[in-house]
Protein chains: 2
Amino acid sequence: MAGTRLDPIDRKILAELQADGRMTNVELAKRVGISAPPCLRRVRTLEEAGYIKGYHADVDARELGFEVQVFAMVGLQSQAEADLSAFEEQCRNWPLVRECHMLNGEVDFVLKCVAPDLSSFQSFLTSELLTTDNVGSVKTSLVIRGAKDEPGVPFDVLEERLSQSD
Amino acid sequence: MAGTRLDPIDRKILAELQADGRMTNVELAKRVGISAPPCLRRVRTLEEAGYIKGYHADVDARELGFEVQVFAMVGLQSQAEADLSAFEEQCRNWPLVRECHMLNGEVDFVLKCVAPDLSSFQSFLTSELLTTDNVGSVKTSLVIRGAKDEPGVPFDVLEERLSQSD
DNA sequence: AGTGAAAGTACAGCTGA
DNA sequence: TCAGCTGTACTTTCACT
């Protein structure tokens, strides 16, 4: 099972840094119950092993003038691998598209988009997304309000599972 | 317009910290072109003003044993405000639900969920989500693969808009 | 600029295969 | 015995006034 290579201290480090990524190393060390140098070594190891992919400030999109958030469900005409990849590459080049996930089921992709206002999203939709080769159907849904937006994974669920598999 | 109270240096700070939230203050100061002390003051101000809501390590869910990511589209039977709020509160209490957004259109909510494997998601779906009061329809879509997953907002779009509104 | 704290390094001791 | 991890001591760099 994945995650087995990590001991409880490593998992605690990840949980703490997920909750506060700018915590100092000494504070982190205190919380996980070891001294600072080995704690720092563990963090570096976790970074190099890819368990930590990066650190990001969580900025307030609305305050910065991105008032609109939209989910777009996209269906393609051809689902050949080359066409799927081409669409994914296109998404990476659209700054308003923040996330793009390929799905099973009726729809091929879900896109999470941000935009300064409705009209700028509409112009993205009509003159970019809908005019892209191979794009069949697009259904968009405005986010009325956000109810929950937690980053990463629930470490308490992970600990629960690991303690059961003893 | 929102974002106007920030000068170009503030926006640069936000962009840099969004890209690397664990950067030291001196490195940040160097990149935005001012000396360290005023840079730190700006960061504190941005934090207190809510432009920066937090800092998070971006952990690899798969490596940690969360192999499955699912989008769930949820329709409620009653859309009265009290019922909407009750469902949102329920979502906050489900650790597998990482995001919950209220949408316009046919569907009331989109949920982004993670789970260790398909069977644990199924048991969440059937014994938690589907048995919740007032939940009408639920359509789930497995994420086959992720194509893009960028945090936050596109600062280049913001700069473009601001330079046009001169 | 200056002080106090944290990051990072070197080395020695402990622990378990 | 040896590998791996830990903690102490020390230097450099950073945070903060």
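Figure 1. Phe121(A) is buried, its relative accessible area being 2% (buried is under 20% relative accessible area, exposed over 50% and partly exposed in between, with a 1.4 Å probe and protein chains only). Phe124(A), with 5% relative accessibility, is likewise counted as buried. The model is predicted: local features need pLDDT of at least 70 and side-chain atom pairs pLDDT 80 or more, whereas totals for chains, interfaces and linings use all residues. Side-chain values rest on heavy atoms, without hydrogens and water; residues are numbered from 1 along each chain as its sequence is written, and chains are lettered from A and ligands numbered from 1 in the order in which they are written. Phe121(A) and Phe124(A) are three residues apart in helix α5 of chain A and are therefore separated by about one helical turn (helices are DSSP runs of H or I with at least four residues, strands runs of E with at least two, numbered from the N terminus).

Figure 2. Eight aromatic pairs are found over all chains (ring centres of Phe, Tyr or the six-membered ring of Trp within 6.5 Å; planes under 30 degrees apart are stacked, over 60 edge-to-face and the rest tilted). Trp94(A) belongs to the loop between α4 (81-93) and β3 (97-103) of chain A and Phe124(A) to helix α5 (residues 118-129) of chain A, so the pair ties together parts 30 residues apart in sequence. Both residues, Trp94(A) and Phe124(A), are buried. The pair of Phe121(A) and Phe124(A) is tilted, because the ring centres are 6.1 Å apart and the planes at 50°. Ring pairs join Phe87(A), Trp94(A), Phe109(A), Phe121(A) and Phe124(A) in a cluster.

Figure 3. Arg22(A) lies over the face of Tyr55(B), 5.3 Å from the ring centre (NZ of Lys or CZ of Arg within 6 Å of the ring centre and within 35 degrees of the ring normal). In the counterpart view, the charged end of Arg22(B) sits over the ring of Tyr55(A), at 5.4 Å from its centre.

**Figure 4. Chain A laid on chain B.** The same surface serves both copies, as 99% of the contact residues of chain A recur in chain B (contact means heavy atoms within 4.5 Å).
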